Each structure stands twice: as structure tokens, then as C-alpha cells.
Amino acid sequence: MSSETRNLAIRVALTLTAMEFFGPLVRDTDSSHVLHPDWVGHARVHLAWLLGFMLLSGLANLYFIWFRRPTLESLRLSALWQSCNLGGFWLAIVMNPLYEGAITVPGVHVEILGFDENVFVFSILSLIMAGVWVALHAKRETHDPG
């Protein structure tokens with residue numbers, strides 16, 4: 001595979017995984033989350049803050065992937081940033097019993113192939129990100145300049 005083709009494949013994969021930064025803006029800005037009448041105001045501020053951070057992170061990632069001269073460094077930065085987002089989700093799932101969280105909101109989340117939609121989607125995104133890291137490592141091994 002040529003360097004140019006590999007670079008494009010990495011950019012497309014990173015764009016797919018970057019879409020997760022925008023998903024919560026669509027899914028969590030209703031009465032099931034940020035506008036939930038039983039949530040304390042401070043919890044709403046934290047979620048609104050997180051949603052703002054995610055929006056800006058998504059835009060910044062798209063900038064690094066497509067608009068800033070897409071060097072190997074900027075693609076690695078995007079992959080690292082997105083890996084932190086994916087890792088944060090998995091950490092929240094693992095720590096779930098400690099804070100009595102719920103992965104699924106009945107009537108809001110659906111199951112896909114027997115899995116909660118979030119777990120299913122994040123599993124797919126994590127697999128794509130693993131492929132991105134393999135491809136980025138392969139670029140390093142072949143000493144591609146970008």
C-alpha cells in the first residue's frame with residue numbers, strides 16, 4: 001500500500017472515530033440527560049461542560065485530520081486524543097459499580113445484537129482505533145515522512 005493510500009485510510013478511519021465526539025450532543029441534550037428534571041443543577045453543569053468539550057474536541061480533531069497539514073504527528077495527536085475519549089468510556093464502564101451508574105437508560109437506549117448500543121458502538125470504534133494505531137506504527141516502521 002502506498003504511503004498516500006495508507007495516509008488517506010488513516011484519515012478516514014480517524015474521521016469515523018471522531019464522530020463519537022458529536023454523538024452525545026444529539027443523544028444527551030434532552031430530558032433523559034442534561035434536561036432531566038431530577039438531576040441536580042450542578043450535575044447538569046458538568047454534563048453541559050462535557051458536551052461543550054466534546055464538541056470542541058471533535059472540531060479540533062477534524063482540523064488535525066483534514067485541515068492542518070496532515071502530518072504523521074497530527075494524525076498521531078488525533079489518535080491519542082480520541083483514544084483518551086474511548087478509554088474514558090471504558091473506564092466509566094469498569095468503574096460503574098463504584099458510583100452506582102447505569103449503562104442503559106430504559107426507553108432511551110436500544111440493544112444491538114444483544115449489547116447496549118453504547119457498548120456496541122464503542123466496541124466498534126475501539127477496534128477501528130486499534131487498526132489506526134497499527135497503521136500509524138506501520139508508517140513509522142517504513143519511515144514515511146507523512
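Trainee: How many residues does α3 have, and what span does α3 reach from its first C-alpha to its last?

Mentor: This is a predicted model, in which local features need pLDDT of at least 70, side-chain atom pairs count only at pLDDT 80 or more, and totals for chains, interfaces and linings use all residues. Residues are numbered from 1 along each chain as its sequence is written, and side-chain values use heavy atoms, with hydrogens and water left out. α3 has 27 residues and reaches 38 Å, close to the 39 Å expected at 1.5 Å a residue. The expected span is 1.5 Å times one less than the number of residues in the helix.

Trainee: What makes a stretch of chain a helix or a strand here?

Mentor: Both are DSSP runs, numbered from the N terminus: helices are H or I with at least four residues, and strands are E with at least two. On that basis the protein has five helices and two strands, in the order α-α-α-α-β-β-α from the N terminus on.

Trainee: What span does α1 reach, and what is expected?

Mentor: α1 has 16 residues and reaches 22 Å from its first C-alpha to its last, close to the expected 22 Å.

Trainee: Why is phenylalanine 67 called exposed?

Mentor: Exposed means over 50% relative accessible area, buried means under 20%, and partly exposed lies in between (1.4 Å probe, protein chains only). Phenylalanine 67, found in helix α3, has 66% relative accessibility and therefore counts as exposed.

Trainee: Which residues of α3 are buried, and against what do they pack?

Mentor: The buried residues of α3 include Leu47, Leu51, Met54 and Phe64. The buried residues of α3 pack against α1, α2 and α4. In α1, the buried residues include Ile10, Ala13, Leu14 and Thr17. For the protein, buried residues make up 34% of the 146 residues.

Trainee: What makes the nonpolar surface patch a patch, and which residues form it?

Mentor: Patches are made of residues with over 30% relative accessible area and no salt bridge; nonpolar side chains (Val, Leu, Ile, Met, Phe, Trp, Tyr) are joined within 5 Å, and like charges within 9 Å. Leu8, Val12, Leu16, Tyr63, Trp66 and Phe67 make a nonpolar patch of about 620 Å². Accessible areas come from the Shrake-Rupley method with a 1.4 Å probe, and for residues only the protein chains shown count as cover. α1 and α3 each supply at least two residues of this patch.

Trainee: How do you know that arginine 27 and glutamate 117 form a salt bridge?

Mentor: A salt bridge requires a side-chain nitrogen of Lys or Arg within 4 Å of a carboxyl oxygen of Asp or Glu. The side chains of arginine 27 and glutamate 117 meet at 3.1 Å, N to O, in a salt bridge. Arginine 27 lies in helix α2 and glutamate 117 in helix α5, so the pair ties together parts that are 90 residues apart in sequence. By this rule, the count comes to one salt bridge.

Trainee: Are the two partners buried or exposed, and what values decide the matter?

Mentor: Arginine 27 is partly exposed, because its relative accessible area is 33%. Glutamate 117 has a relative accessible area of 13% and is therefore buried.

Trainee: Which residues does asparagine 96 touch, and why is asparagine 96 called buried?

Mentor: Asparagine 96 lies in helix α4 and counts as buried because its relative accessibility is 14%. Not counting residues up to four places away in sequence, asparagine 96 touches Gly101, Ala102 and Ile103, where contact means heavy atoms within 4.5 Å.

Trainee: What is stated about the phi of glutamate 100, and why is glutamate 100 called exposed?

Mentor: Phi of glutamate 100 is near 55°, a positive value in a residue other than glycine. Glutamate 100 is found in the loop between α4 and β1, and at 74% relative accessibility it therefore counts as exposed.
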